[in-house]
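Here are my notes on the model, as numbered points. Please read them with the structure open.

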Amino acid sequence: MSRRSLPVPDLFAAATAGDRGALARLLSLVERGGDEAREVSRISYPVSGKGYTVGLTGAPGAGKSTLTSAIIGHLRSLGEEVAVLAIDPSSPFTGGAILGDRVRMQDHATDPGVFIRSMATRGHLGGLSLATPEAVRVLDAVGRRWILVETVGVGQVEVEIAGKADTTVVVVNPGWGDSVQANKAGLMEIADIFVINKADRKGVEDTRRDLEQMLELSDLAHEAWRPPILPVVAIEKRGVEELWATVQAHRDFIEASGELTRRREFRLREELREIVARRLELRARELATGDRWDELQAAVFHRTMDPWSAADEMLKSVGA
Ligand SMILES: Nc1nc2c(ncn2[C@@H]2O[C@H](COP(=O)(O)OP(=O)(O)OP(=O)(O)O)[C@@H](O)[C@H]2O)c(=O)[nH]1
Ligand SMILES: [Mg+2]
């Protein structure tokens with residue numbers, strides 16, 4: 001039987017036994033959303049929770065994929081297996097990011113200890129913000145212990161997703177203004193570790209100083225874990241060992257302090273709330289007669305109705 005027609009439980013068993021094609025298929029189902037995605041979620045959730053996610057984020061072209069590839073190499077030299085999810089928010093079907101990732105990570109393409117997947121949302125109800133944690137859980141459930149998630153740190157949803165990893169690495173480049181941009185994008189708040197990648201270029205110390213200053217101005221500087229700043233040259237794999245040791249140290253720290261449990265509980269609460277809100281909205285829209293939904297929206301735009309009153313009407317049909 002081809003994988004396409006295999007029932008979800010069989011796919012799951014195959015993926016757990018190491019069948020990469022079956023794993024890829026499960027992730028496609030998650031991407032697409034709908035009933036089969038729900039089934040994937042039902043099966044994977046109870047057996048997930050053992051993997052550890054490391055998010056890598058930063059501006060386009062910061063060197064995230066090159067760094068991810070270098071980390072993969074390092075993990076493999078330690079005998080660890082790894083899965084990578086490259087989130088592609090821009091284009092649902094093709095796009096430079098996917099191609100670029102494939103090229104940059106192709107050293108590892110044939111290694112059975114490495115699984116790399118680019119992901120877009122397609123039809124998933126909750127878009128990237130709900131599809132990503134589900135995809136991570138599938139990887140976790142089939143036994144992947146390290147899961148790296150690459151996201152472009154532009155846009156609120158992407159930054160949110162990046163911040164949902166257990167450890168978040170924010171990648172900036174040397175040079176004037178890059179760390180300021182990162183700060184503006186909201187990356188400062190989600191960083192557990194800063195990497196100044198492309199440290200073979202000028203300006204590393206300026207960037208370090210900028211980051212230090214911004215840290216001082218934020219709450220992060222005074223927390224028990226102050227995000228370390230590490231220079232890295234990903235194309236030469238320089239500094240990658242130190243980076244990974246720092247990821248381990250952060251992991252140890254949040255495991256010992258209870259922060260990891262708190263983070264995960266918070267994330268699950270948020271996810272659950274988002275699912276409920278999305279489904280309520282969807283149902284209310286389905287039940288709305290004619291153009292009523294659009295009319296209410298227009299009424300709010302034109303200030304003939306306030307948002308709370310409009311929401312009352314929108315949710316009346318679902319009794320909320
Ligand atoms: N000089 C220098 N160039 C680097 C370094 N790391 C990556 N690059 C280059 O930077 C460019 C972008 O690298 P990617 O790894 O694709 O960057 P990315 O952040 O994944 O890019 P997107 O996924 O498109 O946002 C490539 O041309 C890399 O060769 C580095 O340490 N030094
Ligand atoms: Mg990339």
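1. Start with one cross-strand pair. In this predicted model, Val-195 stands opposite Leu-230 of strand β7.

2. Now the whole sheet. Seven strands make up an open sheet, and the pairing is parallel. The strand order is β3-β2-β4-β1-β5-β6-β7. The edges are β3 (114-119) and β7 (229-232). Each edge strand has a single partner, so one side of each lacks a neighbour in the sheet. On average, neighbouring strands here are turned by 20° against each other, direction ignored.

3. Next, the charged contacts. How many salt bridges does the structure hold? The count is 20.

4. Glu-31 and Arg-117 form a salt bridge, with their closest N and O atoms 3.0 Å apart. Glu-31 sits in helix α2 (residues 20-32), whereas Arg-117 sits in strand β3, so the contact ties together parts 86 residues apart in sequence. Are these two residues buried or exposed? Both Glu-31 and Arg-117 are buried. Note that β3 is also one of the edge strands of the sheet.

5. Arg-137 pairs with Glu-271 in another salt bridge, and here the closest N and O atoms are 2.7 Å apart. This one links two helices. Arg-137 is in α6 (residues 127-141) and Glu-271 is in α12 (residues 259-287), so the pair joins parts 134 residues apart in sequence. Why does Arg-137 count as buried? Its relative accessibility is 12%, and the cut-off for buried is under 20%. Glu-271 is buried as well, with a relative accessible area of 9%.

6. The Asp-206 to Arg-209 salt bridge lies within one helix. The closest N and O atoms of Asp-206 and Arg-209 are 3.1 Å apart. Both residues belong to α10 (residues 204-217) and sit three residues apart, about one turn of the helix. Asp-206 is partly exposed, at 38% relative accessible area. Arg-209 is partly exposed too, at 46%.

7. Last, a network. Which residues are joined into one network by salt bridges that share partners? They are Asp-192, Glu-259, Arg-262 and Arg-263.

Note on methods: Residues numbered from 1 in each chain as written. Chains lettered and ligands numbered in written order. Predicted model: local features only at pLDDT ≥ 70, side-chain atom pairs only at ≥ 80, totals over all residues. Heavy atoms only, no water. Pairing = 2+ DSSP bridges. Helix = DSSP H or I, 4+ residues; strand = E, 2+ residues; numbered from the N terminus. Axes fitted to C-alpha atoms, helices over the stretch in contact; angles between N-to-C directions. Salt bridge = Lys/Arg side-chain N within 4 Å of Asp/Glu carboxyl O. Buried < 20%, exposed > 50% of the residue type's maximum accessible area, 1.4 Å probe, protein only.
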